[in-house]
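Student: Could you take me closely through one part of this model, the packing of a pair of helices and the space beside them? I would like one connected account, with the cut-offs behind each term.

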Amino acid sequence: MSPRRNYSSGTPWEPIAGYSRAVRVGDTIHVSGTTALNEEGILVGPGDPRAQTLQCLRNIERALVALGGRRENVVRTRMYVTDISQWEVIGRVHGEVFGDVRPATSMVEVSALIDPNMVVEIEAEAILQGGSSHD
């Protein structure tokens, strides 16, 4: 088995809840459910699905890069939203960010996220074909 590499975003709850922002084993990177907190731990765009989706995807890309990947390696995303009627704005941001990558995805409505001002959480999986030149 390939060595495991964990990436932490530095949030105080990662060690409390026992998780990593992202984990790479071999050529696969799994990115945990990611919300719209900026690098200072402040929520970007409270209640704003567009701003939050964009920040979530920026955070995911930061984790991918830290583990030798990039957006183009993403093969699957999962989007959890608190108001499915906002699907189109969230979906459009996802489409703008991923462009021709077009990963497999799903979007489901959930009753709440950890902070009532959060409206979207996204997780991702990436596969680095035959290893990455970014290793």
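Tutor: Helix H2 passes helix H3 in a right-handed crossing, a crossing being right-handed if the near helix is turned clockwise from the far one by less than a right angle, and left-handed if anticlockwise. This is a predicted model, in which local features need pLDDT of at least 70 and side-chain atom pairs count only at pLDDT 80 or more, while totals for chains, interfaces and linings use all residues. Residues are numbered from 1 along each chain as its sequence is written, and side-chain values use heavy atoms, with hydrogens and water left out.

Two packed helices are described by the angle between their axes and the distance between the axes. Here the axes of H2 (residues 49-66) and H3 (residues 87-98) come within 9 Å and cross at roughly 35°; axes are lines fitted to C-alpha atoms, for helices over the stretch in contact, with angles from 0 to 180 degrees between N-to-C directions, and helices are DSSP runs (H or I, at least four residues) numbered from the N terminus. On the H2 side the contact (heavy atoms within 4.5 Å) is made by Pro49, Arg50, Thr53, Leu54 and Leu57, and on the H3 side by Val89, Ile90, Val93, His94, Glu96, Val97 and Phe98. By class, this contact has eight nonpolar, two polar and two charged residues, where Ala, Val, Leu, Ile, Met, Phe, Trp, Tyr, Cys and Pro count as nonpolar, Asp, Glu, Lys and Arg as charged, and the others, Gly among them, as polar.

Within H3 lies Ile90, which counts as buried because its relative accessibility is 1% (buried means under 20% relative accessible area, exposed over 50%, partly exposed in between, with a 1.4 Å probe and protein chains only). Not counting residues up to four places away in sequence, Ile90 touches Pro49, Thr53, Met79, Val81, Met107 and Val120.

The structure also holds one cavity of 30 Å³ or more, a cavity being a set of points on a 1 Å grid over the protein atoms alone where a 1.4 Å probe fits but cannot get out, and lining residues having an atom within 4 Å of a point. The largest cavity has about 40 Å³ of space, and Leu57, Ile60, Glu61, Leu64, Arg71, Val74, Val97 and Phe98 line it. H2 gives the most to this lining, with four residues, and the lining divides into six nonpolar, no polar and two charged residues.

Methods. Helices (H or I, at least four residues) and strands (E, at least two) are DSSP runs, numbered from the N terminus. On a 1 Å grid over the protein atoms alone, a cavity is a set of points where a 1.4 Å probe fits but cannot get out, and a pocket is an open set with protein on both sides within 12 Å along at least five of seven lines; lining residues have an atom within 4 Å of a point. Grid points are joined across faces, edges and corners, and a volume is the space filled by probe spheres set on the points.
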